[in-house]
Amino acid sequence: MTKIAPSILSADFAKLGEEIKEVEKAGADYVHVDVMDGHFVPNITIGPLIGDAIKPITNLPLDVHLMIENPDVYIPQFAKSASIITVHQEACVHLHRTLQLIRSHGVKPGVVINPGTPAEAIKPVLTEVDLVLLMTVNPGFGGQSFIKEVVPKIAQIAAWRDEMGLSFEIEIDGGVNEETAAVCTANGADVLVAGSAIFNQSDRKKAIDLIRKSAEK
């Protein structure tokens, strides 16, 4: 079954705990936590204290997406609450070392690439990760439109996974909704991040079910 990871970037932060409990009850598989520093991306969101605050209120794994410079400095703090930490290839000077640092804290490591980064940039680290996250928008803001040119990269990563006998998950983030979900999973995606497509809907269960149903056609 396709996994759905609601992004709290689109949640109502005035009642964040309630929002997370609602999507958990509605059938979410992960809670996607978008961390932005105002340097690597043109927006500032949340820090490790939010992860610490929400971890006790949900049984779902926290999927922490670090869109930040110098991720190695902050990984130990986020590792206290995260089940998965993903870092951008574009932000890591020594990518292997950063992924190994994440795993040393007992957290699953993942790698992310932006729409303009070729899949080949992360092929050398595929044996080191539990998750590959492909951005289908340029990171920094929610509510953007899906960049269809990324789709061939999903298929390429999935093909390498099969060829190398690996089992990492492929996650897609950006512009995912009922219309775009199917093309992602048809090309090998396992996990779909959705923000506004879920949190902007009054019926979160219906929104999650529609995305999953579309993904599994």
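I began with helix H4 (residues 95-104), where Leu95, Thr98, Leu99 and Ile102 are buried. The four cover an arc of only 95° around the axis, which puts them on the same side of H4. I took the arc from the directions running from the helix axis to the C-beta atoms. Buried stands for under 20% relative accessible area, exposed for over 50%, and partly exposed for what lies in between, with a 1.4 Å probe and protein chains only. Helices are DSSP runs of H or I with at least four residues, strands are runs of E with at least two, and both are numbered from the N terminus.

The model is predicted: local features need pLDDT of at least 70, side-chain atom pairs count only at pLDDT 80 or more, and totals for chains, interfaces and linings use all residues. Residues are numbered from 1 along each chain as its sequence is written, and side-chain values use heavy atoms, with hydrogens and water left out.

I then looked at the other side of H4 and found Arg97 and Ser104 exposed. The buried residues of H4 pack against helix H3 (71-78), strand E4 (84-88) and strand E5 (108-113); a contact here means heavy atoms within 4.5 Å. After H4 comes Gly106, with a positive phi near 75°.

Next I turned to helix H1 (residues 16-25). Its buried residues are Leu16, Glu19, Ile20 and Val23. Viewed down the axis of H1, they fall within an arc of 95°, so they line one face of the helix. I noted the general rule: an α-helix has 3.6 residues a turn, so residues three or four places apart point the same way. Glu18 and Lys25, on the other side of H1, are exposed.

For the packing of H1, I listed the partners of its buried residues: strands E1 (3-6) and E2 (31-36), and helices H2 (48-54), H7 (196-199) and H8 (204-215). Gly27 follows H1 and has a positive phi, near 110°.

Last, I checked the chain as a whole. I counted eight helices and eight strands. A compact globule of 217 residues would have a radius of gyration near 17 Å, and the chain agrees at 16 Å; the radius is taken over C-alpha atoms, and the globule rule is 2.2 Å times the number of residues to the power 0.38. The C-alpha trace spans about 40 × 40 × 30 Å along its principal axes. Of the 217 residues, 53% count as buried. Among contacts between residues at least 6 apart in sequence, 64% join residues at least 24 apart.
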